[in-house]
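Here is a walk through one protein model, step by step. Keep the sequence and the structure in view as you read.

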Amino acid sequence: MTAIPAEPQSSGAVFSPVTRETYRDGMASLAAAVNLIATDGPCGLAGFTATAVTSVTDDPPTLLVCLNRASSATPAVLANKVLCVNALAPGHETVSSLFGGKTPMAERFASAEWTKGKTGAPVLDDALVSFDCIISEMVEVGTHFILMCRVVDVRANDCEAALVYFRRAYQAVSV
């Protein structure tokens, strides 16, 4: 990846730093899909809740997933090198909260029905859509790892609504 200078070089502008709190308050107004990220492999079963997921390109099909370095799932995700992005629908709030907290991994996965994807990563049976992926690249930025994930399989359900996180609360979005 090509590095871009942190500050514009030609304008001479000086920017005041944005505080962590200001940034987090601003991000609370950015609605985002709620996803369970799950992995399994030689380093074990692990998963976490994430809103920092986005499409990168469709050729080859690639998603970007941000993973907090301090997450209990981080060692397994990085070592297994596979994951499944499971987009959630309304009704998944409880399982999302379990995956987002300090709940032991076994309890997280016991709270829902799973099958194995092509990569061996767990696919949530009633997810809105699931993207089974191989991690192809990783970059460290601040408190997070940015994972480039090549999609090897997609499974979609017929649900007409999605679960999003907006203003620090779950919201349903439907057609």
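The model is a predicted one. The centres of the Tyr165 and Tyr170 rings lie 5.3 Å apart, and their planes stand at 70°. An angle over 60 degrees counts as edge-to-face, so the Tyr165 and Tyr170 pair is edge-to-face.

Where does Tyr165 sit among the strands? Tyr165 lies in strand 11, where it is the bridge partner of Ala32. Strand 11 covers residues 161–166 and pairs with strand 1 over two bridges, in the antiparallel sense. These strands belong to an open sheet of three, with the order 1-11-12 and antiparallel pairing. Strand 1 (32–33) and strand 12 (169–174) are the edges. Each has a single partner strand, so one side of each has no neighbour in the sheet.

Now step back to the whole chain. The protein has four helices and 12 strands. Its C-alpha trace spans about 55 × 35 × 35 Å along the principal axes. How does the radius of gyration compare with that of a compact globule? For 175 residues, a compact globule would have a value near 16 Å; the protein has 17 Å, which agrees. Of the 175 residues, 37% count as buried. The protein exposes about 10200 Å², and carbon and sulfur atoms supply 57% of that area.

Seven strands form an open sheet in the order 3-2-6-9-10-5-4, and the pairing is antiparallel. The edge strands here are strand 3 (46–50) and strand 4 (53–58), each pairing on one side only. On average, neighbouring strands of this sheet are turned by 30° against each other, direction ignored.

Follow strand 6 within this sheet. Strand 6 (residues 82–87) runs antiparallel to strand 9 (residues 129–141), and six bridges join them. Which residue of strand 9 is the bridge partner of Leu83? The partner of Leu83 is Cys133. Ala87 has its bridge partner in strand 9 too, namely Val129. Strand 2 also runs antiparallel to strand 6, joined to it by four bridges. There, Ile37 stands opposite Val85 of strand 6.

Is strand 6 mostly covered or mostly open? Six of its six residues are buried, so strand 6 counts as mostly covered under the 20% cut-off. Both of its faces are covered. Val82, Cys84 and Asn86 are buried on one side. Leu83, Val85 and Ala87 are buried on the other.

Helix 3 (residues 93–100) packs on it and touches strand 2 (35–39) and strand 3. The direction of helix 3 makes about 115° with that of strand 3.

Phe99 is placed in helix 3. Its relative accessibility is 2%, so Phe99 counts as buried. What does Phe99 touch, leaving out residues up to four places away in sequence? Its contacts are Leu36, Gly47, Phe48, Thr49, Arg108, Phe109, Ser111 and Trp114. Ala28, by contrast, is 71 residues from Phe99 in sequence and 19 Å from it in space, C-alpha to C-alpha.

The structure holds four aromatic pairs. Phe99 and Trp114 form one that is tilted, with 5.8 Å centre to centre and 40° between the planes. This pair links distant parts of the chain: Phe99 in helix 3 and Trp114 in strand 7 (residues 114–116), 15 residues apart. Phe99 and Trp114 are both buried. Together with Phe109, they form one aromatic cluster.

Terms used:
Residues numbered from 1 in each chain as written. Predicted model: local features only at pLDDT ≥ 70, side-chain atom pairs only at ≥ 80, totals over all residues. Heavy atoms only, no water. Pairing = 2+ DSSP bridges. Axes fitted to C-alpha atoms, helices over the stretch in contact; angles between N-to-C directions. Contact = heavy atoms within 4.5 Å. Rg over C-alpha atoms; globule rule 2.2 N^0.38 Å. Buried < 20%, exposed > 50% of the residue type's maximum accessible area, 1.4 Å probe, protein only. Areas by Shrake-Rupley, 256 points an atom, 1.4 Å probe, with all protein chains shown as cover. Phe/Tyr/Trp six-rings, centres within 6.5 Å; stacked < 30°, edge-to-face > 60°.
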